[in-house]
Every structure is written in C-alpha cells, then in structure tokens.
Amino acid sequence: MWWQYFLVFLGALFFDIVPFPFPPAFTIMVFLLILFKLNVWLVIIIGVLGSVLGRYILLLYAPILANMYLKESKNNDIQFLGDKMRENKWKGILIILSYSLLPLPTTPLFLGAGISKIKAIYVIPPFLIGKFTSDTIALLLGAYAVDNVQAIMDQAFSLKSVASLILALFLLFCLFFIDWRTLIQTKKLVWNFKILK
C-alpha cells in the first residue's frame, strides 16, 4: 500500500514543478485519495511535501529558464519586483502566505520569486503553511465527497477550473509583460511585449 502514497508524492511534485499553469496539486491528491481509499491525513502530509519540493525546484530553475528565454530587460524588471519584496521581508512573507491560502495558482508567484532570486527561506515557509492549510481543507472536502466521484470528475472541466486556468494565464501575462519598474516608480502602466531574446 506504500506505493499509492508514493504516487501521491510524485503527482504533487509533478503538478508543482512545471513552470506553466497546471491544475492544482490537490486535484491529483484528491483523485488518488478516492481511487485507492487512502488515509486522508497521510495524503495531506505526503502530498504537501511533494508540492513544496516541486515549488522549491521551480524556484531553483526559474532563473535558468528566464536567462534562456527572456530578454535581460525583462529579467531586470522581474528582479526589481523581487527587490521591492525584499525591502520589507515581513510584508512579502504575509503576501506569500495570503496568496497560498487562496485557491489561486501559485506558479506565477514561484516563477516571479525564482526569476528575482528571492531566497527560498522567505518563500517556502509561508507557502508551506498556506499550502498545508488550503490542501487540508480541499482534501477533507474531497474525502467528504467520496460518494460523489462522478460529480467530482464532471467538475474537472467546470467553469471554476477553466476560470482558474484563465486567471493563472492572466497572472503570468502580467508578470512577464508589465514593466514593473515603471509601474512602481511612476505609477504608470506600461506594457512590454518584446521580452524574448
């Protein structure tokens, strides 16, 4: 029975290691919980650990992707955003915690943090707290809804999941195409679509 929990870990790791919007990791966790009738608390702990490791790895390789595919000016712009978060570390930590508690995709958050080279010590602990809390709620609700497996499968392409994907794409769009330095310093919204090398 241990291999099913290993699948939970791998699924959460895979869902959160990718640098583009993917379904939330709790979806694979709920699916495997229901499919194999696993212990909900073990799924939460193992899944969150996989998720956190995936996001940590994303933090590490995001700068490499940015250097390969983004213009230096866009890298500098995103790093400027990170510098602003580093100016008040507690405010940045509270933003990350709040964001992680919401049912929003965290891919843009971790890409931005990785590209701006924010230290993992400022990103991972609040993410871990937020992720554990939000995934616990999602998985407990999933366990409660085990009797409605068909309804859950039908919701995989619901308006909510499509809206979540659109929101993630919009947030990535904003991260990459807004000139953050100009916006923060002059309060002017400037778009820059020439970001690739």
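This is a predicted model: local features need pLDDT of at least 70, side-chain atom pairs count only at pLDDT 80 or more; totals for chains, interfaces and linings use all residues.
Helix 1 covers residues 2-17, which is 16 residues. From its first C-alpha to its last it reaches 23 Å, close to the 22 Å expected at 1.5 Å a residue. Several of its residues are buried: Gln4, Tyr5, Val8, Gly11, Ala12, Leu13, Phe15 and Asp16. An α-helix has 3.6 residues a turn, so residues three or four places apart point the same way. In helix 1, Gln4, Val8 and Ala12 are among the buried residues. What do the buried residues of helix 1 pack against? Their partners are helix 2 (25-36), helix 3 (40-69) and helix 7 (120-144).

Ser51 lies in helix 3, and its relative accessible area is 0%. Ser51 counts as buried because that value is under the 20% limit. Leaving aside residues up to four places away in sequence, Ser51 touches Ala12, Leu13, Asp16, Ala25, Phe127 and Lys131. Of these, Ala12, Leu13 and Asp16 are also listed among the buried residues of helix 1.

Next come the aromatic rings. A pair of aromatic rings is described by the distance of the centres and the angle of the planes. The structure holds 11 such pairs. In one of them, the ring centres of Phe14 and Phe22 are 5.4 Å apart and the planes stand at 85°, so the pair is edge-to-face. Phe22 also pairs with Phe20, again edge-to-face, with 5.9 Å from centre to centre and 75° between the planes. Phe20 is partly exposed at 44%, and Phe22 is partly exposed at 30%. Phe15 itself is on the list of buried residues in helix 1.

The last stop is the second largest pocket, which has a volume of about 570 Å³. Its lining consists of 22 residues, and Leu81, Met85, Ile95, Leu109 and Trp180 lie nearest its centre. Which helices supply at least two residues each to this lining? They are helix 4 (72-87), helix 5 (89-101), helix 6 (107-115), helix 9 (159-177) and helix 10 (180-186). Helix 4 gives the largest share, 6 residues. Sorted by class, the lining of the second largest pocket has 14 nonpolar, 5 polar and 3 charged residues.

Conventions
Residues are numbered from 1 along each chain as its sequence is written. Side-chain values use heavy atoms; hydrogens and water are left out. On a 1 Å grid over the protein atoms alone, a cavity is a set of points where a 1.4 Å probe fits but cannot get out, and a pocket is an open set with protein on both sides within 12 Å along at least five of seven lines; lining residues have an atom within 4 Å of a point. Grid points are joined across faces, edges and corners, and a volume is the space filled by probe spheres set on the points. Helices (H or I, at least four residues) and strands (E, at least two) are DSSP runs, numbered from the N terminus. Ala, Val, Leu, Ile, Met, Phe, Trp, Tyr, Cys and Pro count as nonpolar, Asp, Glu, Lys and Arg as charged, and the others, Gly among them, as polar. The expected span of a helix is 1.5 Å times one less than its number of residues. Buried means under 20% relative accessible area, exposed over 50%, partly exposed in between (1.4 Å probe, protein chains only). Contact means heavy atoms within 4.5 Å. Rings of Phe, Tyr and Trp (its six-membered ring) pair if their centres lie within 6.5 Å; planes under 30 degrees apart count as stacked, over 60 as edge-to-face and the rest as tilted.
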